[in-house]
Amino acid sequence: MGTQTETPVTRFAAFKFKKGVSPERKGERTGAFLRLYAAHPTLLHTPPRGGRPLGGMSDLMGKSDAELAEEQGGGESGGEGLVKGGMGWDAGFVVVFKSDEARRQFDKEPGHARLKEETDPLLDKVFVYDFVEQGNLGW
C-alpha cells in the first residue's frame, strides 16, 4: 500500500432495522460501525459520512410514496419496482478505502466480523455496494 497507482474504493452501505429495535439501539449499532472505521484510519482515504434518509423518490417526483407505488402497479406494499413504501432504510453511509487491498484488510478484521455478528440479528435488510470510480459509471 502507499503507491500512487492505488485506486480508492468507495463503499455505500444502508441499514434497515427490524421493527421493535429502539432508536437508542439503532444509534448504538450505527455508532459501533463508525468507531470500527475510526479505529483503522490507515486503511481509509475518507472517513465514513452519512445519515438518516430524506424523502427519496417522493421528494424528487413531487408525489407521495403511495402515488409512486400505485403508478408501478403494486399499491403501497406491492411490486419490486422503484418505490416500495419509501424503502424504509434507517441509515446509510459512504466511506472511501485507500485501495481494494485496504478494503479487503478491513473486511477481514476480527472486529468487523464481531460487529456483524452483533448487528445482523437486529437488521431486516442491509445493502453494501463497493465500487471504484469509472467514467460514465463504468459503461
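Guide: The protein has five helices and four strands, where helices (H or I, at least four residues) and strands (E, at least two) are DSSP runs numbered from the N terminus. Their order along the sequence is β-α-β-α-α-β-α-α-β. Please keep in mind that this is a predicted model, in which local features need pLDDT of at least 70 and side-chain atom pairs count only at pLDDT 80 or more, while totals for chains, interfaces and linings use all residues. Residues are numbered from 1 along each chain as its sequence is written, and side-chain values use heavy atoms, with hydrogens and water left out.

Let's start with the whole chain. Of its 139 residues, 29% are buried; buried means under 20% relative accessible area, exposed means over 50%, and partly exposed is in between (1.4 Å probe, protein chains only). A contact means heavy atoms within 4.5 Å. Among contacts with a separation of 6 or more, 81% join residues 24 or more positions apart.

Now to the interior itself. In soluble globular proteins, nonpolar side chains tend to be buried together. The largest nonpolar core here has 19 residues; such a core is a set of buried Ala, Val, Leu, Ile, Met, Phe, Trp, Tyr and Cys residues joined through side-chain atoms within 4.5 Å. The members that touch the most other members are Phe 15, Phe 17, Tyr 37, Phe 93, Val 95, Phe 97 and Phe 106. At least two residues of this core come from each of E1, H1, strand E3 (91-97) and H4. Leaving aside residues up to four places away in sequence, Phe 17 touches Lys 26, Arg 29, Thr 30, Asp 90, Leu 122, Leu 123 and Asp 124.

In H4, the buried residues are Ala 102, Arg 103 and Phe 106. They lie on the same side of H4 because they cover an arc of only 100° around the axis, the arc being that of the directions from the helix axis to the C-beta atoms. Their cover includes E1, H1, E3, H5 and E4.

Helix H5 (residues 110-119) buries Gly 111, His 112, Leu 115 and Thr 119. These also cover an arc of only 100°, so they sit on the same side of H5. Pro 110 and Glu 117 are exposed on the other side of H5. The buried residues of H5 pack against strand E1 (9-17), helix H1 (23-38), helix H4 (100-108) and E4. Take Thr 119: its relative accessibility is 1%, so Thr 119 counts as buried. Apart from residues up to four places away in sequence, Thr 119 touches Arg 29 and Phe 33.

The accessible surface of the protein is about 9100 Å², with 54% of it belonging to carbon and sulfur atoms. After E4 comes a segment that holds Asn 136 and Leu 137. Asn 136 has a phi near 55°, a positive value in a residue other than glycine, and counts as exposed at 61% relative accessibility. Leu 137 likewise has a positive phi near 55°, and is exposed with a relative accessible area of 78%.

Note on methods. Accessible areas come from the Shrake-Rupley method with a 1.4 Å probe; for residues, only the protein chains shown count as cover.
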